[in-house]
Amino acid sequence: MKVVNISKLKIGTRYSKPLYLDSENIFINANTPITDEDIARLKKFGFNEVLTDGEEVKDMYSISLTSDMQEVFGNTSLREIYDKYVKELPTFNKIYKKSIDVIQNCYQKIAEDKSFDINQLRNITEEIIDFTKTSENVSFNLLQRKNEDYYLYNQVLHSTIFSILIGLEMHYSYPKLVDLGIASLLADSGMIKLPTSISQKNSSLNEEEFKVIKKHPLFGYQFLTKVLKIKNNLAVIALQHHESFDGSGYPQKLNKDSIDQASKIFSVADNFSAMIIKRPWRKKQLPYEAMRNMLSVNMNKFDLTILRTFLNCLSMYPVGSYVELSDSSLAIVLKANKEKSLRPALMILKDSWGNRTNNSLFVDLLHENQLYITRAIDWEIETENE
Ligand SMILES: [Fe+2]
């Protein structure tokens, strides 16, 4: 075996065969990156050299050599951005749970044809807005939720949060954002008026059943304006959220500018949210697939300026979703790069050899031209055997 002086060992490099302390004791396995802790340990125990039959592996592209914790995004390091997400998570979960309780409470009242205090929706909307405003990007924590509760409430809440994100990006004033949020939370209130055999059916709907479903916008709007007596701009999303920009939607077949802007925002948010949540009769789509779908086959259904705004917020590989890179490493998307939606900033979760990186490697693809995303992945499937 040849002798390698520890001054020649570089952090992040790997050897094709193990590194030994002596003829019997392996210090570092083959293809395992050398860490600064390894070198510190060798020095501590008085080893000046190691033995190996291997060669230093020349990576096709080594993330660890070109990226580090100093990688910055604007004025903030990617590590700081990730730490902020982690710090925000308990608050996010608290607001999420509280919102579900409020939606459930209001929708139950609607089911019983009873009036309720709209201020509970206003209060929770303000909490969502305040959080979304100060959060690094609410999509990061939202996309990692496993939504096991009742589909309708999760769906409405997801769509509301994404709507507020779009409204913020469009520089909506605070009162306008609050109206957008309340109207979004009430969007599917008409669903609660339908027979549960149809609204909660665990398989795809036949033509007759779909005709019934198509009544929910009108049922919702009627309740909100006649029983709850709320102003039109808080009820308009309930009426128009299934209208399409190309006129192919329902119930009034409105198109383009005859559709209220808030409804067009909710429509983008709602379609995206629906595609990424699993239903008993269909698989969920990955966030990337949902985004691609909206930007291609279904593009005519949406107001393109609003769709573009949504893409700017989330990127083609949405913030909080998972990807594989050209060097086989796996990563989570941390930040969208507005001008280059295919090149977001990432945190590497597993390196090219499948080793966990302990959340310490960050890459901004905007500055890493040799590395690119090869596909979107489902993290649960990638890690199910671990
Ligand atoms: Fe709906």
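View 1. Strands are DSSP runs of E of at least two residues, helices are runs of H or I of at least four, and both are numbered from the N terminus; two strands pair if DSSP finds at least two bridges between them. The model shown is predicted: local features need pLDDT of at least 70, side-chain atom pairs count only at pLDDT 80 or more, and totals for chains, interfaces and linings use all residues. Residue numbers start from 1 along each chain as its sequence is written. Strand β9 covers residues 345-350 and strand β10 residues 356-364, and the two are antiparallel, joined over 5 bridges. L346 has V363 of β10 as its bridge partner. In this hairpin 5 residues lie between the strands, and G354 has a positive phi near 85 degrees.

View 2. Inside the order, β7 (residues 322-325) pairs with β8 (residues 330-335) in the antiparallel sense over 3 bridges. The bridge partner of Y322 in β8 is I332.

**View 3. Helices α6 and α12.** The axes of α6 (residues 151-169) and α12 (residues 261-276) come within 8 Å and cross at roughly 135 degrees (axes are lines fitted to C-alpha atoms, for helices over the stretch in contact, with angles from 0 to 180 degrees between N-to-C directions). The two helices are therefore oblique to each other (under 35 degrees is roughly parallel, over 145 roughly antiparallel, 65 to 115 roughly perpendicular, and the rest oblique). The contact (C-beta atoms, placed from the backbone, within 7 Å) includes F162 and I166 of α6 and F266 and F272 of α12. Its residues are 8 nonpolar, 6 polar and 1 charged (Ala, Val, Leu, Ile, Met, Phe, Trp, Tyr, Cys and Pro are nonpolar, Asp, Glu, Lys and Arg charged, and the others, Gly among them, polar).

**View 4. Helices α10 and α11.** Helix α10 spans residues 216-227 and helix α11 residues 232-240; their axes come within 7 Å and cross at roughly 165 degrees. That makes α10 roughly antiparallel to α11. P217, L218, G220, Y221, L224 and T225 of α10 meet N232, L234, A235, A238 and L239 of α11. This contact has 8 nonpolar residues, 3 polar ones and no charged ones.

Key:
Contact = placed C-beta atoms within 7 Å.
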